[in-house]
Amino acid sequence: MGGNRICEMLGIEYPIIQGGLAYVGNGTLAAAVSNGGGLGVVGSAGRSVEDFRRQIQIAAEATDKPFGVNLPISEHSDNTGYVQAILDHKEHIAAVSISAGNPKPYIPIFKEAGLTVMVLTSTVTHSLKAEQAGADLVVCEGFEAGGHNGPAEMTLFSLIPQVSKAVRIPVIAAGGIADGRGILAAMVLGAEGVQLGTRFVATLECQAHEAYKQALVNSHDDATVVMERSIGRVTRVLKGAFVDQILSLEKTSPSIEEMLPYIRGVNNRVAAIEGNLEDGWLNCGQGVGLIQSIESATDIVKTLVAEVDALHSGFSVQWPKLS
Ligand SMILES: Cc1cc2nc3c(=O)[nH]c(=O)nc-3n(C[C@H](O)[C@H](O)[C@H](O)COP(=O)(O)O)c2cc1C
């Protein structure tokens, strides 16, 4: 994939990005993705500043390739410590992905430090705003994606061509992509790279609990559901008994205070890190049915690249010949 703008900007071999993963986006995983030729990303959601710093150091020790970090603005009550941690490690970090809030105040800080800035968006309007605010890359995320999604609930198929037509900066597509076919399709629609989240949870290097990884392997296409719509949020999670309780409560038009005991991050951690699937919820994207094994993230990047390569060179569709 020579000549790809995203590879050139990030100094990576293949335009395959690992999404910031709340609680489970650890340094070892980020390094493994980067070692495969993609861009690994150390997550900060669900981590203390100290842990975030430690995970950046772990990634820096485990790879000499570029990697990034994720700053989901509204996930932290105070972003100061996380921003400082990123600036303190800027010589190790290639890029910052900003999500879940207004990126405008943060973009100049990271640009000044020499970092590439990627902004997660889910509509054309927000993509244009990100570009105007100085983002280098836009990650457009469809509502197939695992975790928090945009309120417009745009599907990736509709989003990519409209966003890539509107902005001049390169577009990275995210949501429901888990194999080479999805990558190639995203690129045909106008993306220049892809971001995968759920696929990288089911990996040897990810710190997610084994039960979470196994649940992903065992799940089919219809295994996910959106929760929190009643309070104006869109969060795609794996179906299960705990999520059923949340969905039942949502039918009663609950206040945020009534919802909080169920939706707070600790209930994600209990399931994702401790493996108590009955007592919490798990982020998961709609492409989960494509995940059939737990592998090294390095190997996954290599397999994805080989799949794209094979499809790309022998690409054919059943389309009638022009008469
Ligand atoms: C377990 C999990 C946690 C996530 N946490 C974050 C996060 O903290 N910050 C963020 O920007 N995106 C987060 N996302 C979204 C991913 O970065 C990525 O855009 C998304 O997973 C892509 O869709 P996919 O899961 O279908 O591959 C999360 C996704 C998952 C599956």
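Helix 4 spans residues 80–88, and its residues Tyr82, Val83, Ala85 and Ile86 are buried. They lie on the same side of helix 4, because they cover an arc of only 160° around the axis. What covers these buried residues? The cover includes helix 3 (49–62), strand 3 (67–72), strand 4 (93–99) and helix 5 (107–112). Keep in mind that this is a predicted model.

**Asn70**

Strand 3 holds Asn70. Is Asn70 buried or exposed? Its relative accessible area is 6%. Buried means under 20%, so Asn70 counts as buried. Its side chain makes a polar contact with the side chain of Ser97, at 2.8 Å. Leaving out residues up to four places away in sequence, Asn70 touches Gly20, Val41, Val42, Gly43, Ser44, Phe52, Ser97 and Ser99.

**The ligand**

There are 20 residues around the ligand. Which come nearest? They are Gly20, Ser99, Glu141, Gly176 and Thr198. The shell around the ligand divides into seven nonpolar residues, twelve polar and one charged.

How much of the ligand does the protein cover? On its own, the ligand has 600 Å² of accessible area, and the protein covers 94% of it.

Notes
Residues numbered from 1 in each chain as written. Predicted model: local features only at pLDDT ≥ 70, side-chain atom pairs only at ≥ 80, totals over all residues. Heavy atoms only, no water. Buried < 20%, exposed > 50% of the residue type's maximum accessible area, 1.4 Å probe, protein only. Helix = DSSP H or I, 4+ residues; strand = E, 2+ residues; numbered from the N terminus. Arc of directions from axis to C-beta. Contact = heavy atoms within 4.5 Å. Near = heavy atom within 4 Å. Areas by Shrake-Rupley, 256 points an atom, 1.4 Å probe, with all protein chains shown as cover. Nonpolar A, V, L, I, M, F, W, Y, C, P; charged D, E, K, R; others polar. Polar contact = N/O pair within 3.5 Å; in protein donor to acceptor, adjacent residues only side chain to side chain.
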